[in-house]
Structure formats: C-alpha cells, structure tokens
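Here is a short briefing on one structure.

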Number of protein chains: 2
Amino acid sequence: MLRIFSYGDEQSALKQHLHRSVTFDAGVQKVVQDILADVAARGDRAMREYTLKFQGVSPDSFTVSAEEIDAAWQNADPEFIAVLEEAYRNIEAFHRHELDKSFFYEQENRVILGQRVTPLDSVMLYVPGGKAAYPSSLLMNVAPAQVAGVKEIHLTSPCDADGRVSDHVLVAAKVAGVSTVYKFGGAQAVAAFAFGTESVPKVDKITGPGNKYVALAKKEVFGHVSIDSIAGPSEVVVIADSQANPEFVALDLFAQSEHDPDAASICITDSPEMAEAVKAKAEEMIGSMARADVIREAFSSNGAIIVTRDMAEACEVSNMIAPEHLELHVRNSWEMLPDLRHAGAIFMGDYSCETVGDYFAGPNHTLPTNGTARFFSPLSVRDFVKYTSIISYSPEELRRTGERIARFADHEGLQAHAEAVRARLRTL
Amino acid sequence: MLRIFSYGDEQSALKQHLHRSVTFDAGVQKVVQDILADVAARGDRAMREYTLKFQGVSPDSFTVSAEEIDAAWQNADPEFIAVLEEAYRNIEAFHRHELDKSFFYEQENRVILGQRVTPLDSVMLYVPGGKAAYPSSLLMNVAPAQVAGVKEIHLTSPCDADGRVSDHVLVAAKVAGVSTVYKFGGAQAVAAFAFGTESVPKVDKITGPGNKYVALAKKEVFGHVSIDSIAGPSEVVVIADSQANPEFVALDLFAQSEHDPDAASICITDSPEMAEAVKAKAEEMIGSMARADVIREAFSSNGAIIVTRDMAEACEVSNMIAPEHLELHVRNSWEMLPDLRHAGAIFMGDYSCETVGDYFAGPNHTLPTNGTARFFSPLSVRDFVKYTSIISYSPEELRRTGERIARFADHEGLQAHAEAVRARLRTL
C-alpha cells in the first residue's frame, strides 16, 4: 500500500522509489520496424494480413459504414449522448481560446513581415480498442483538430473479431462530427496512415494514445508525418495542506492508479497528520474499489505520501516530479501557482478533481506524462495548425541594407547568397 | 544542368525526378545508439574519449573560457559585429510577436479555466563546426529562446584539433547574450545534454542543425527531452511569371544549391520563354560561382524548371512540393497567397530574396525541410515555452454537473473516477 516518506530524512530512498526508468525494448522496436516496412511495401495486402493476425478478422470493408454508426447511435443511452454533447461543447469552447491568429506588421520602406497560421490538411486520430476504447479521448483528440479547421479527420480503432468497432467510439465520433472511421489497430494502423496504401490516405499528422507498439510506431514515423508527444505511464500529484479532505485525496489517488499498475499517485503534504489520515482513508476504502488489485499494485510500485517541511518544499518536490496532473487541495491554490513550474494541468482546490478535467471541463486531457511536463504541453489546437513566415521586402529597403546583408553572406562563405543580393542592388 | 519539364506532358517523369526518398541507414542508427548508451553510462569519461576520437583533441576544459570569447571579439571585424547586432535586433523584434500569452476565462458558478505559458528551464542549442559554423544559425536559434525567457541557454559547437571553437560562433554567441559554450560535437554532444553527465547539465530541449549523426541522435532522445524538427535536405521553389528577372531567379536557385548537392532548387513558371531564359541565364552565370561544382551536382539530381499551363497549376505543383522556401517572382504575390497552402517561408516579389530572410529580415531561417512544411513550422518562441492547463471548479458547479460527469466515468468503467466525484457530491 501507500508508504509515507519524510522528505528531509528519506530523500535518496524516495528518489529511488520514484525513479521511472525509460526502458528501451529492442525486441518491440524490431517488430514495429518490420511492420512499418511491410506496410510501406505491400500496402492493403499487408493491412489485411495484420488485421487477420492481430484482430482475428478480415473485415469486408476497412471502414465503418454509415449504417453501423446509425445503429450504434440508436442503441446508445440518450443520457450518455447528452453528456458527450455537453462535454464536447465545453472542450470546443476551451480550445477556441488556443487558436493563434495570423499576424503581419509593417516597417519603414514598405517592408511587411508576418506569420500565417493555416490548418493541417489531414490527420489520423488513433482510438484504442477493447477496454481502453475511451470516448472521452476521442472527443479530446477531435475537438482541437476541428477547431483548427482540419478538413480531413480520419479515425481508426481496432475492430473486434466480429469486425465491429466499439459502439461508444462510434457514438463519440458522431458527436464530434467525424464520419470516417477505419477498423485498423496497432503499429500497422500507424504505418498505413504514415505512408498511405491503396485504400488508406497518407496523412500529415497522427495523434492519440495506444499501446507500446502504437507508441513506438509513432516515434518511428516521426518526420514522415508529425505526431503528438509520446505517451508514457501517467501520474497525479496531490499537494494537500492540513485542512484537505483525506477521502477526496485518497479517491483521487485511486482514480489515477486504477488506469494502470505503472501509473504513479503521489500525495505531498506539510502535515504529518494529513499523511497518516490519507493513508488510513486509503486503506479503509480500497476494498470497495472495483479495480482494487490494479490500484494496490500501482500504489506499491509507484505510489507515495511525502511529508515535507513546509509548502515551499512541497512545491519543489512537485517541480522535480513534473506531474501530468497536479491537484492543489490547499486553501491558497492561486497564491501557490507562481512556485509551481512544471505540470500538464493544475486543478485548483478541493472541488476541482481530476475526473472533472478528464471528461468535462474543457481543457484537453491528453497531457505530457512521465515527467515530460518540463518541456511538452497538452494536446492543443497548435498541434493541428502550421505556421508560415511571410517576408515582403522592398527595393528601397534592400538599397538601405543589401550591402551589409551580402557581406554577412560573404563571412559565411556563401557567394551565391551574396551575389543574389548584389545583382538586385545593381538594378537600383 | 537544369532540365525543363512541361508539367502537362511529363508529370510522371517529373514526379520521379523530384522524388526524395528518406533512406533509413541502420548502420548509422547503430553507431548513434551505441554512443548514446555509452555516454548515458559513462558520462564525462565517454565524452573525453569521443572528443579525442572525433575532434582529435582532449581539451583542458569542456567549455570556452571568457578570455577565449573576449579574444574572438577583439579579433572580429567591427562591421561584421555591427551587422550581427542589427540582424539580432530584427530577429528578436519578429519573434516577440510570437509570444503566446497566458489566458483565463470565467464561467457561471465561479468556474475559472485557463492556460498558462511558461518558458522552458534550460535548452541546448547545437552549432555545427568547421565550414558549417554559421553565425546566422546561432542567432536564429538563440533569439526565440531568449524571447521566450529561457534562463539557461547552453551552446555547444565542436572544437577543432587545437581545442578552439570558431571565432564567428563565439562572436555571435556574445551578440546573442549567451556565455556558456561547450566544445562538444556529434551524437555524443546530444547524448550529454539529453542525459546529463558529471559536468554537463541535462536540459529540457535540444535544437539546432547538424550532420546525420546529430539528426539521428536527436530523433533517438526525443521523449527524454524535446527537440526541434528533424532537418533534412533543404529546398527552394521560385514561382516566376513572364515579367520575372531571369538573373534573380537563376541566382536564387544557385544560392539554395550551393549549400549541398542534396538541396533542391526548382523554378515553376507559366511562361515557356521564362523557362528558357532562366535556363540560359543559369548556364551563362554558373562559371562565375565559387561553388559551381556543388551547384551543378545539385541541379542535375534535384533541380528543375517546370512549365505549367497557368499560375493555378503552378500553385498546385508548389503545394505538392511543400517547399521550405517559396519565392514569388510575380506581379501579384499577395493575391496568390490564398492558393499556396504549404511552405516554410514565403518571399513576396522580386526584391524579397531568400538571402534577406536567411540573415537579416527577422523571421526564423530554421524552416521545415524536405516536404515537411505540410505539417511542421519554422522554429519559434513556441518551441521554447510550455503550456499548462488550469482548472478551477466550484462546489456549486460540481453540484450542477457532477452526477453527469460520474456517469460518463461509469460508462468508461472507471469506478474510482466516478467515486471521486460522488464523494464530493455527498458533502454538498
């Protein structure tokens, strides 16, 4: 179960306990590289074989039909559709704030400089199948692409052995306004959209969560296409003061850990009493959790309650972890913000539980994991646009600055660069 | 030399000629992976050995001293320093327009949602050595990091066999306000800053151009740290109408091709006469180019003049190529903009030659290469910041929406997620 560490006395033990090595699995890489090369070479034929091999089916069509989507919609609980629609509106509303505008500005001598923002032409959003077929992830991936203005949005989600894609996925796709859903999964799905096949279009970007084969395939095709950041095991840090509610803290740690035995759930508090109270509450409640086994495993390998000297030290420890999710169960969450440098998302106060952000509030739930919040960002509209610089120079400005620019090129030994300027100067 | 293709008749020949395969060199990958693993395991000792092996020297210090920087500054041509300073001011001014602001907005029931923009803590900017030690690249890499507010900016540039880093690099570093310059090069330099060694700090992001070992090393460490996009062979497309200046067009094609035999220089025109004029001008002038051999090689493997039916078709061909640099030697460049979907930078009109953008105007010259302008963007301030979502929910809003959120979690089979909400609802 959860172990309590005193940060002052047990720093090295704690660091060892929290150390999350990124292991490089050469075997998986080889498998993935072979699949990528095979799909690039043999296209649809390879896709048909892999789908039979890994999903146990050779579907009549690679895509879900309009009838299948309609049937899923008819079968769905109307209340579930309603909450999907409400969540999607919130997600869209938040992401509209992220839309960068093109800009230009003018300088003396009729120079215009600018930057243009345009949507990507086409993207593929991967949606895992089986138990991990989360409609919320689908909404979170599609919304920023829609807000960005991407014209071609393709979804793919591995079908089951009957050739069917999860009804939840199809309903969420319809809510998000996407009508093209492929039935592929795994590294081969990534390969098909990265290289294109006879019946699968090559896209510009591939996003979405997946197992280690999908993650490695995305990393391998990076450069042929763009990808979102590589998702690893996820984590939550809850900073709790002496007035926090131990039940809320314990449940939020459970919620993170029920995903995956690799998930890290960490409470940091300046109150030894709160540490004991959270531990006690967790032990009392864990028996009633549906996924108690997964939570227990995650707690023992990657869970911790850390007692710090004060809240400044708590912030330091949180910065060191750079958590995907950071919950502030404290009286003064906004005042604490300037001391917290690295986190994917920050949840302010007792009633901003992670679940609210996972499903409903509006900010994206695809967040940088495994300490990468130091340098990666939540999935955003910026992932679905590209930027182009615009340079409009005038003869007058070239006359004023051209010789200096040409000499700069001379210094780099690039004569044709310099001559391109000087030839223009000779005409002025 | 440059071959003229008629787009209507020779589409498939042209596609074959322009096809730029991305070859996967398993031998180089193995070398790079071994170096990465070795530096991760043995730190400074490995760095000392690789520097001796690849740079032929075991420098007394891994970093350039203040005295070395001062000496380079004293030796430098004051006019060169002045143009570096003027260029740096222009680059900074442009990049300040890219700085995203944090935002928040309020909803009913005291809900606050927002996004915070903060600089990365530390970055390493790679500067190639030898003939490719371009001070302009250094300015273009440092400026967006400085504008973003990155506190720790480390440069590294391979020293020569005397243990010295290029004076040009040191002068440019001082102009850009960076005082820490390491003497490492190659894949080992990337490894040192990705993993950290006894005397090299682990950073959050690695950017900058380099040879194929540096490029592959960056790709391999992606995820441990962030990187900029992977640079491949570069290209220019010049769209020329019947009134273009054939000398300007030819020189701009030379300027691109003098970099590298792999560089692609392509002129697209709707005027067969202009095609002939550009070809004739290029043949007439190439003898006077200092790098004529490189240009000839680049022209014959990756150069082309393409004659299209009209300007709409010229734009189509340009979109297909998605060039790093796109020059519009046409009367109506702004009117053409909406038809041009993919380019790293667009240069408007006869007097906006690429050289102006490479050195001086302000927009970044680190641009997406090899067709990746479909989905990648110029290096920017956005590369040196990260985004954090902020979610502040209220008890009132949770009372209004909580049960629906909990049911969404139920649908995904995540009971602890649901229970985290319901426990809060029970207190309201």
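**A buried serine, the cysteines and the voids**

A polar side-chain atom of Ser394(A) sits 2.5 Å from the backbone oxygen of Asn109(A). The model is predicted. A search over all chains finds zero disulfides. The structure holds five cavities of 30 Å³ or more.

**Ser394(A)**
- Ser394(A) lies in the loop between β14 (385-392) and α16 (395-411) of chain A.
- Ser394(A) counts as buried because its relative accessibility is 2%, under the 20% cut-off.
- Beyond its neighbours within four places in sequence, Ser394(A) is in contact with Asn109(A), Arg110(A) and Val111(A) of chain A, and with Tyr351(B) of chain B.

**Cysteines**
- The whole-structure search gives zero disulfides.
- Cys353(A) is in no disulfide; its nearest cysteine sulfur belongs to Cys267(A), 16 Å away.
- A disulfide needs sulfur atoms within 2.5 Å.
- Cys353(A) is buried, at 0% relative accessibility.
- In chain B, Cys353(B) is in no disulfide, and the nearest cysteine sulfur, that of Cys267(B), is 16 Å away.
- Cys353(B) is buried, with a relative accessible area of 0%.

**Largest cavity**
- The largest cavity holds about 880 Å³ of space.
- Its lining has 38 residues; closest to the centre are Lys205(A), Asp383(A), Lys205(B), Arg382(B) and Asp383(B).
- Four strands each supply at least two lining residues: β8 (226-227) and β14 of chain A, and β8 (226-227) and β14 (385-392) of chain B.
- By class, the lining of the largest cavity has 20 nonpolar, 10 polar and eight charged residues.

**Second largest cavity**
- The second largest cavity has about 60 Å³ of space.
- Residues lining the second largest cavity include Gly208(B), Pro209(B), Gly210(B), Lys218(B) and Ser229(B).
- The lining of the second largest cavity splits into five nonpolar, three polar and one charged residues.

**Second largest pocket**
- The second largest pocket has a volume of about 440 Å³.
- The pocket is lined by 25 residues, with Gln55(B), Tyr126(B), Gly129(B), Pro158(B) and Gly185(B) nearest its centre.
- In chain B, α2 (26-42), α3 (44-55), α8 (186-195) and α9 (212-221) are the elements that give two or more residues to this lining.
- The largest share, three residues, comes from α8(B).
- The lining of the second largest pocket has 12 nonpolar, 10 polar and three charged residues.

Note on methods
Residues numbered from 1 in each chain as written. Chains lettered and ligands numbered in written order. Predicted model: local features only at pLDDT ≥ 70, side-chain atom pairs only at ≥ 80, totals over all residues. Heavy atoms only, no water. Buried < 20%, exposed > 50% of the residue type's maximum accessible area, 1.4 Å probe, protein only. 1 Å grid on protein atoms, 1.4 Å probe; cavity = no way out; pocket = protein on both sides within 12 Å on 5 of 7 lines; lining within 4 Å. Points joined across faces, edges and corners; volume = space filled by probe spheres on them. Nonpolar A, V, L, I, M, F, W, Y, C, P; charged D, E, K, R; others polar. Polar contact = N/O pair within 3.5 Å; in protein donor to acceptor, adjacent residues only side chain to side chain. Contact = heavy atoms within 4.5 Å.
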